[in-house]
Amino acid sequence: MVKMKVRGMEDLSRAILALPVRMRRKAVRPALQSAASIVRREIIQNTPVDTGVLKRSIRQKFKRATRFEEAVMVGVSQRAYYWRFLEFGTDRMAARPFIRPAFDRTSKETLTEFIRAARIGVGGG
């Protein structure tokens with residue numbers, strides 16, 4: 001899994017934090033889901049295909065980290081456990097990364113989408 005912490009969005013952060021917890025979730029969750037879907041699509045597009053199981057195993061899942069933190073995980077289900085061998089390689093096989101490069105290619109677009117969707121969620125859209 002790749003974690004991304006966003007800094008430097010003081011106005012948006014203040015606006016989100018000023019909301020009651022329920023409204024905050026309503027603003028942040030859709031923004032996180034929308035931004036994460038960009039990374040998920042890129043991972044799927046670049047996933048090596050043999051049987052198709054790996055490509056079908058790319059998931060996007062909402063997770064509540066704490067009462068005040070929200071997160072969306074994009075990763076591979078346990079059914080395709082061998083993704084690690086492709087991503088990182090083994091002593092017998094060279095790495096064929098597809099997750100990290102997808103994250104790197106989409107990080108700016110993902111951040112832009114999160115900011116756009118979150119602004120809409122807090123009514124500044």
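**Core, surface patch and aromatic pairs**

Ser57 sits in the loop between helix 3 (53-56) and strand 1 (58-64), where helices (H or I, at least four residues) and strands (E, at least two) are DSSP runs numbered from the N terminus. The structure is a predicted model, in which local features need pLDDT of at least 70 and side-chain atom pairs count only at pLDDT 80 or more, while totals for chains, interfaces and linings use all residues. Residues are numbered from 1 along each chain as its sequence is written, and side-chain values use heavy atoms, with hydrogens and water left out.

Ser57 has a relative accessible area of 0% and therefore counts as buried; the cut-offs are under 20% for buried, over 50% for exposed, and partly exposed in between (1.4 Å probe, protein chains only). Apart from neighbours within four places in sequence, Ser57 is in contact with Gly75, Val76, Ser77, Arg79 and Ala80, a contact being heavy atoms within 4.5 Å.

As for the overall layout, the chain has 5 helices and 2 strands, which follow one another from the N terminus as α-α-α-β-β-α-α. Of its 125 residues, 37% count as buried. Among contacts between residues at least 6 apart in sequence, 57% join residues at least 24 apart. The chain exposes about 8600 Å², with carbon and sulfur atoms supplying 53% of it; accessible areas come from the Shrake-Rupley method with a 1.4 Å probe, and for residues only the protein chains shown count as cover.

In soluble globular proteins, nonpolar side chains tend to be buried together. Here the largest nonpolar core holds 23 residues, of which Ile43, Leu54, Val76, Trp83, Phe98, Ile99 and Phe114 touch the most other members. Such a core is a set of buried Ala, Val, Leu, Ile, Met, Phe, Trp, Tyr and Cys residues joined through side-chain atoms within 4.5 Å. Two or more residues come from each of helix 2 (21-46), strand 2 (70-76), helix 4 (83-88) and helix 5 (99-121), and helix 2 gives the largest share, 7 residues. Beyond four places in sequence, Leu54 touches Thr47, Pro48, Val76, Ala80, Tyr82, Trp83, Leu86 and Phe98.

Val74 belongs to strand 2 and is buried because its relative accessibility is 14%. Its C-alpha lies 7.2 Å from that of Ile58, 16 residues apart in sequence. In helix 5, Ile120 has a relative accessible area of 47% and so is partly exposed. Ile120 and Val28 are 92 residues apart in sequence, with 9.9 Å between their C-alpha atoms.

On the surface, Tyr81, Phe85 and Met93 form a nonpolar patch with about 290 Å² of accessible area together. Patch residues have over 30% relative accessible area and no salt bridge, with like charges joined within 9 Å and nonpolar side chains (Val, Leu, Ile, Met, Phe, Trp, Tyr) within 5 Å; a salt bridge is a side-chain nitrogen of Lys or Arg within 4 Å of a carboxyl oxygen of Asp or Glu. Tyr81 lies in the loop between strand 2 and helix 4.

Rings of Phe, Tyr and Trp (its six-membered ring) pair if their centres lie within 6.5 Å, with planes under 30 degrees apart stacked, over 60 edge-to-face and the rest tilted. This rule gives 3 aromatic pairs. Tyr81 and Phe85 are edge-to-face, at 6.3 Å centre to centre and 85 degrees between the planes. Phe85 is partly exposed, at 40% relative accessibility. The Trp83 and Phe88 pair is tilted because the planes stand at 55 degrees, with the centres 6.0 Å apart. Within that pair, Trp83 is buried at 13%, whereas Phe88 is exposed at 59%. Tyr81, Tyr82 and Phe85 form one aromatic cluster.
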